[in-house]
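Notebook open, one chain to go through.

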Amino acid sequence: MTIPRVAWSTSRRARDTKIGDSTVTVNRLAMRTGRGGLVAHVSVLVEAIARGDRWAVARRATGPLLEQLLSGDYDDTFGTASESDRSVGLGGAPVVVIDGNVAIVVAPVTNSGSGSVGAVTALLIRASTTGTVRPWFVASLTQDQMLDNEFQRRVQHESFPIDADLDIIAAHGPLDVRAASIDWDDDSVILRRSDTGVVTVADARAEAATWSRESWHWLADEAHTFTGLYLRGRRPELVREFPPQHPCGGANW
């Protein structure tokens, strides 16, 4: 009996897709794969570390890494950036592998002010909660941490109790010192003075009321406005509130 030969190929040409007369190269970071969302998730965390945004850090990290980040262990790892400078993040075309509730993102970290500032070997854990809200959290950022025996056993058994993060966050509060320093009960407190007038606590509270409750988590996360700052100061629980997960399994938007 003759056994037919099967031709195997790992070349890019063999994996390309023909659409009409055009060839479309496979993109492993395409939105439908969910990988691009994980890259963005780690990149935002790296940026938050560089900017010293502890709220954004607490929203995205978990376990011992969360403790280390809130303790300042990584403050100078990726350089520094101001609130308005969004130039720190992952570069190149990161390698992303997803295995059930665990994912790995490997990529260089770039800073527009100083070029390459290192690399991350990030391991992410998907929260084992029920329902549609199952956010991803970064559990490690370095290869050394990935090689730690105790950490490996935690990964092996998916032993990352997300609820325990709340105690870590509480122990390192307040997450946003500026928001905590403002008396949000006094409507007359001036937040900003300019040629066109003033912005007060009353204005920030009124603006928050114009947004749906479902929008508050990202307003607080971005904190581009005094409304976001107000929400950080008055609604600390928002740091761990997340929208329903995209069907592709994207990150915590």
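This is a predicted model: local features need pLDDT of at least 70, side-chain atom pairs count only at pLDDT 80 or more; totals for chains, interfaces and linings use all residues.

The areas are Shrake-Rupley values with a 1.4 Å probe, and for residues only the protein chains shown count as cover. Val95 sits in strand E4 (residues 95-99); strands (E, at least two residues) and helices (H or I, at least four) are DSSP runs numbered from the N terminus.

Numbering runs from 1 along each chain as its sequence is written, and side-chain values use heavy atoms, without hydrogens and water.

I then took the overall tallies. The protein chain has eleven helices and nine strands. Of its 253 residues, 42% are buried (under 20% relative accessible area; exposed is over 50%, partly exposed in between; 1.4 Å probe, protein chains only). The chain exposes about 14,300 Å², with 52% of that from carbon and sulfur atoms.

Next I looked at H11. Seven of its nine residues are buried, among them Phe226, Tyr230 and Arg232. I checked what they pack against: helices H3 (54-60), H8 (177-180), H9 (201-209) and H10 (216-222), plus strands E8 (190-194) and E9 (197-200). Contact means heavy atoms within 4.5 Å.

I found eleven in the structure. Asp176 pairs with Arg232, closest N and O atoms 2.9 Å apart. That joins the loop between H7 and H8 to helix H11, across 56 residues. Both Asp176 and Arg232 are buried.

Arg205 and Asp187 form another, at 2.3 Å between the closest N and O atoms. Arg205 is in helix H9 and Asp187 in the loop between H8 and E8, so this bridge ties together parts 18 residues apart in sequence. Arg205 is partly exposed at 26% relative accessibility, and Asp187 is partly exposed at 39%.

Arg235 and Glu237 also meet in a salt bridge, 2.6 Å from N to O. Shared partners join Glu47, Arg51, Asp53, Asp176 and Arg232 into one network.

Which aromatic rings pair up? The search gave four aromatic pairs. Ring centres must lie within 6.5 Å, using the six-membered ring for Trp alongside the rings of Phe and Tyr; planes under 30 degrees apart are stacked, over 60 edge-to-face, the rest tilted. Phe137 and Phe242 are edge-to-face, 5.6 Å between centres and 80 degrees between planes. Phe137 is in strand E7 (136-140) and Phe242 in the segment after H11, 105 residues apart. Phe137 is buried at 1%, Phe242 at 13%.

Phe151 and Phe160 are 5.8 Å apart at their centres with planes at 70 degrees, so I logged this pair as edge-to-face. Arg154 lies over the face of Phe160, 4.7 Å from the ring centre (the test wants NZ of Lys or CZ of Arg within 6 Å of the centre and within 35 degrees of the ring normal).

The Gly173 to Pro174 peptide bond is cis, omega near -5 degrees. Ala223 has a positive phi of about 50 degrees though it is not a glycine, and I placed Ala223 in the loop between H10 and H11.

Definitions and conventions:
A salt bridge is a side-chain nitrogen of Lys or Arg within 4 Å of a carboxyl oxygen of Asp or Glu.
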